[in-house]
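Me: Can you walk me through the side-chain contacts in this one? Rings and charges, please.

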Amino acid sequence: MSEPDISVQDAASIGSRLSGARVAAAQPARSGGNNRVFRLEMAEGPPLALKHYPSDGRDRLGQEYDALSFLSRHGIMSTPRPIAKDPAAFSALYQWFDGDAAVLHPQDDDADQLADFLIELQKLRNADGAQNLRNASASIFSPEEAIAQYEQRLDGLRRASQDHPDLRAFMDGSLVPSTAVAIRQLRRRYAELGLDPATDLAPAHRALSPSDFGLHNALRADDGRLRFIDFEYFGWDDPVKLVSDTAIHPGSDLPEAGANRLIERLSRAFEAGDDAFAIRRDVLYPVFGAIWCLIVLNAYLPESRSRRALVAQGGDLTVRLAGQLDKARRLHQTICQRDPDLTPR
């Protein structure tokens, strides 16, 4: 993948051209593995955000710009308003949000604020332009798709684990056995109900999802309210995946009570329009949890962006990999606590 490569001078020049106004200064801000963001101090008016995307074959710019345009058009104020874009320069200009990263100082109402935002999004499911939105990145519309994604990720890590006995022991002794139980339970439950786990979820029951979403995508304003950034994965998805991913996401690190509150509130909202939601949630939650364990372990893959990020941070890679393995173990334990039948015996 081609990593973001843009200078402060380039950012100022692109920002001036896109805004049609003079940029007084540009400062790097909120750098991430997928993109770079610059705060542009304008000669007149409030600051703006210039986001530069990697040229990795995915239309991250288009997906995010379309999503934020849709949300802004329908009155969502907690996401940045898009201003202009230049696909040839892999850049787009957005409203700038001040605020600290929400994960730095978690608050008791964070789970409720996340739930409020995600529930608000669902009110736009039938809004003008909604049907033209893309599917979310790595969207899943059937249980068999979830199982296939798990198995695909597992295959890659199995090869990597040949050189890492601790990783292999966790996968073979804990993760794989518990997920095998979860998959058997899923297929048995679907068979009992006369349902086909390969059937796609009806469009009427799909959700608008930021995808890969959590407190790591939130800034806390001075009044304590959260504002949300990073929508390059936004689109249609199974609401069970939306609920599971948001509750589980390691970037949020929600306490158990907060995660349970989030699941409860979102489940109540989705159950109102989908009688089968609770069934899908119960059987798919541990599968999505297993997928997240594998995502955490991506750093073991020699070609992964996660590994490059660890290397860039410096220090002993072996120690850093061990930290990711410990994080996956703890996440797996949390998933199993919700369903004791998954715990290997």
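What follows is a chat about ring pairs, charges over rings and salt bridges.

Me: What kind of model is this, and how are residues numbered?
Reply: This is a predicted model: local features need pLDDT of at least 70, side-chain atom pairs count only at pLDDT 80 or more, and totals for chains, interfaces and linings use all residues. Residues are numbered from 1 along each chain as its sequence is written, and side-chain values use heavy atoms, with hydrogens and water left out.

Me: How many aromatic pairs are there?
Reply: Eight, from a search of the whole structure. Rings of Phe, Tyr and Trp (its six-membered ring) pair if their centres lie within 6.5 Å; planes under 30 degrees apart are stacked, over 60 edge-to-face, the rest tilted.

Me: Why does the Y65 and Y94 pair count as tilted?
Reply: The planes of Y65 and Y94 are at 45°, so the pair is tilted. Their ring centres are 5.9 Å apart.

Me: Where do they sit?
Reply: Y65 is in helix α2 (residues 60-73) and Y94 in strand β5 (residues 91-95), 29 residues apart. Helices (H or I, at least four residues) and strands (E, at least two) are DSSP runs, numbered from the N terminus.

Me: Is Y65 buried or exposed?
Reply: Buried, at 10% relative accessibility. Y94 is buried too, at 4%. Buried means under 20% relative accessible area, exposed over 50%, partly exposed in between (1.4 Å probe, protein chains only).

Me: Which residues form the ring cluster?
Reply: F117, F213, F228, F231 and F234, linked by ring pairs. F213 and F231 make a tilted pair, 6.4 Å centre to centre with 45° between the planes. F213 is buried at 1%, and F231 at 0%.

Me: Which ring does R206 sit over?
Reply: The charged end of R206 sits over F141, 3.9 Å from the ring centre. The test is NZ of Lys or CZ of Arg within 6 Å of the ring centre and within 35 degrees of the ring normal.

Me: Switching to salt bridges. How many?
Reply: The whole-structure search finds 25. Each is a side-chain nitrogen of Lys or Arg within 4 Å of a carboxyl oxygen of Asp or Glu.

Me: What does D59 pair with?
Reply: R134, at 3.2 Å, N to O. D59 lies in the loop between β3 (48-52) and α2, and R134 in the loop between α3 (110-122) and α4 (143-161), so the pair ties together parts 75 residues apart in sequence.

Me: Which residues make up the salt-bridge network?
Reply: D112, D116, R261, E264, R265 and R268. E264 and R268 both lie in helix α7 (residues 256-271), four residues apart, about one turn of the helix.
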